[in-house]
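Dear colleague,

Please find below the structure that I am handing over to you. My notes on it follow.

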Amino acid sequence: MRGRFRDRTRRKEIIILPMLAGQRYSDWLGLFCLGMFAVGAQILFVREMMVAFFGNELIIGTILAAWLLGIGLGALAARWWVERLASPVKTQWFLFLILLGLSVCLPIQLAAVRCVRMILSIPPGEYAPFGSSAAGALIILFPTGAGIGVFFPVACRRLLLEPGQKESPVSFVYSVESLGSLAGGLVMTFLLLPLLSAWQVVLVVVSVGSVGAAAMAPRRAGLALVGLLAIGGVAAALAHPAWLKSLEARLDRVRWQGFGALDAPGVRLVQSRDSVYQNLSVTENAGQFALYGNGHVLFVFPDPLGDEHAIHFIMAQKPNAKRVLMLGGNPVGEIAEALKYPLERLVHVDLDPTVGSMVKEALPAEYAAIAGDPRVSFVTGDAIAFVRRCREVFDVIIAQTPEPSTAAAGRFYTVEFYRQLKAILADGGFVATAVSTSERLQGEAVNMGATVYATLKEVFPVVLVTAESTNRLLAGARGRAPAGAGPAESLDGLTFDRQVLVARSRQAGVRTLYFRPEYFLGADEIAPEKTKWVETLFAEADAPLNTSLRPVACFYNLLLWSRVSGSGLEQTLVWLEQISPWKIAVWLPAAGILGVALALVCRRRRDRFPGACRAVPRSAAATLILTTGFCGMALEIMFVFVFQSLYGYIYARLGAIVAAFMLGLAVGAPCGRVMSRGAFGPFCARLAGCELLLLAIALGVPFLMRGASAGGGEWPGLLECAIYAGVALTGWAVGAEFPLANRLFNDAGDRISSGAAVTDAADHLGAALGSLLMGVVLAPVLGIGASCGVLAALKLAGMLFVGSAFLSGTTPLATRPRAVIRD
């Protein structure tokens, strides 16, 4: 008896131990490397395309949507032929070739991004139309996305063919890939991007993909060869980077030739560098330099004419200012002009320290003179975070912030930020900012300027605006002249009175090369009739306020970009703006009710329509995972908005947010695997519980946003923990629903690998829609609160779809004990 028992045990070991100790570990490594490679490639693509297409919120959404669309369609396409892979060796070879091909093609695709403007014939220096940007993103990103999408169902198929495999491997594949994505995001954010150059990072990502391919190789000799080649190539590149620098320099020149920045005679590219925040490049022509950030001109230096005009126009409002705060801008020329006034302190805040270092390398003597002045303090950090923590007051605040083309940049134009600036203004102080519109102020340009003007008027009693293509706005208070005051003191506050500005500027006694106080006498941009016309247009536009809960300035900037770039999206965007969120919130549950009604009909006629009864849970599962992918991506974007309101620019913390989400996915998938067991009724209840959790999170986000907009109240650390918890719970719910939805496909008669392909495709297609719509339309136009209401209605519809699956799940196929339908 003991011998028979020992013999049976030995046979089980022969089946199980090789899977765990051998192939299963190599599968684990391959899937983990796939997750790391996917995140690394995604980050590299986004960074490169942001430069090529002058990225705004729509471009960012388009890039992510193209990436996720490729993954979804790749997974969907794999459904039709994955069953033909009938042996483990074939699937191993297939996975090996996919991952090796992705690794080899990545540098070629990234080099193509540098040439994409020339490939698509985009005129030098112009914005890329939306059609060209979308086409470029799809052409370049689709192959990588499709390859990653195909990998998932084939990996599930490969594990199903293992001897002794008795349970669905979907949750295992999903969890390990999510863990790899988590690790890849953290390593890229905190290690590779800060320490290595762009193409050194590319080689590291390629090596990770090659190691994953080696792990999937059916022959151990191939594993060792590919792994050693990958590691050796990276080691050689890091040890002897001269050839790599030469390659980077050539590709940098190709990029800037596409921009047209090197077309003029005598212009040369001095340096190009990727900081953790952006790509920065410096060109030089006849001793004058231009600094570009992600393709946009940040400033030109030295530019004495421009610097004098910019600073002395502002300082004429208060030439006796003692303390000045500059948020962004030229750290050499403009500071030098401001120091000609009797200042006691000047603070310059810039997020990216690489800006200062590149200016220092170009003009070392001038930078050293500014940095050596005891009145000047350079602060590296986010401007909003600095203002929130600041305990000193300033007479003049010059906010040279980027245009509100993204949600991150739009924070500098909100009611909340202007209130924080007002809190650190001294009596009689003012804020100077600017926004690009157009000289004629037609259509979209009016709304763009009007929302910023109205937002400033909400906070400051007096707002002056110039009449020019870039409207300069001065916000503060209008004072009263003391008794016996001279003309220079006739208005101790903001004014466009020409005589007063001339008198103030003369009294300051500042020596300049080009600027003269008499400039104000003929300045067309402050002509009374023109400034009055601009103020009237802005007031009649009745534009909404730009707030953290409704960042509408980003949407209006997108409208203006569509007009300037020739994208032709104005009518579509205006139509989306007019959609009522309440109608959406009603129609979404109505779709769920329709699904329940269809399930009831199928239940009563299941004998006549057995195919329809099986189609209902399949459709419900696909719809459920589609809406969950949409909701998961949308909520992650929402939490990013919350973090930005609380901490300002969150580039470093963005890695932690992504890590929390991926950790939730990795933990949720095995939990969903456990929850998918048991009777059909309790299983549906657990699936509905996941939907209810996402609904509750969506309803809770607006309350977190209000707390973050107030600075976190007395417990900012507690609010931060709540945000991390919300991100992790969102990831957990999305990860748990994946194997649960796969059970619906399995119970309806679908094969495991086929169901995995459909659910993976639906998940990524939903995420593609979420990334495109949430940042572009829902949050800017509807606002955070209404957008979260739409997400809650979407998840209410999801719960109804679960009910439809339950009602149709009384067929013999659905009610039998849980079992794996093997391929």
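**Helix packing and salt bridges**

The crossing of helix 17 and helix 21 is left-handed (the near helix is turned anticlockwise from the far one by less than a right angle). Helices here are DSSP runs of H or I with at least four residues, and strands are runs of E with at least two, numbered from the N terminus. This is a predicted model, in which local features need pLDDT of at least 70 and side-chain atom pairs count only at pLDDT 80 or more, while totals for chains, interfaces and linings use all residues. Residues are numbered from 1 along each chain as its sequence is written, and side-chain values use heavy atoms, without hydrogens and water.

Helix 17 (residues 444-459) packs against helix 21 (residues 552-565) at about 155°, with the axes 8 Å apart (lines fitted to C-alpha atoms over the stretch in contact, with angles from 0 to 180 degrees between N-to-C directions). The two helices are therefore roughly antiparallel (over 145 degrees).

The whole structure holds 17 salt bridges (a side-chain nitrogen of Lys or Arg within 4 Å of a carboxyl oxygen of Asp or Glu). In one of them, aspartate 252 pairs with arginine 114, with the closest N and O atoms 2.9 Å apart. This pair joins helix 9 (residues 242-259) to helix 3 (residues 88-114), across 138 residues. Both aspartate 252 and arginine 114 are buried (under 20% relative accessible area, with a 1.4 Å probe and protein chains only). A network of salt bridges links Glu48, Arg114, Asp252 and Arg255.

Yours sincerely

Key. Angles under 35 degrees count as roughly parallel, over 145 as roughly antiparallel, 65 to 115 as roughly perpendicular and the rest as oblique. Buried means under 20% relative accessible area, exposed over 50%, partly exposed in between (1.4 Å probe, protein chains only).
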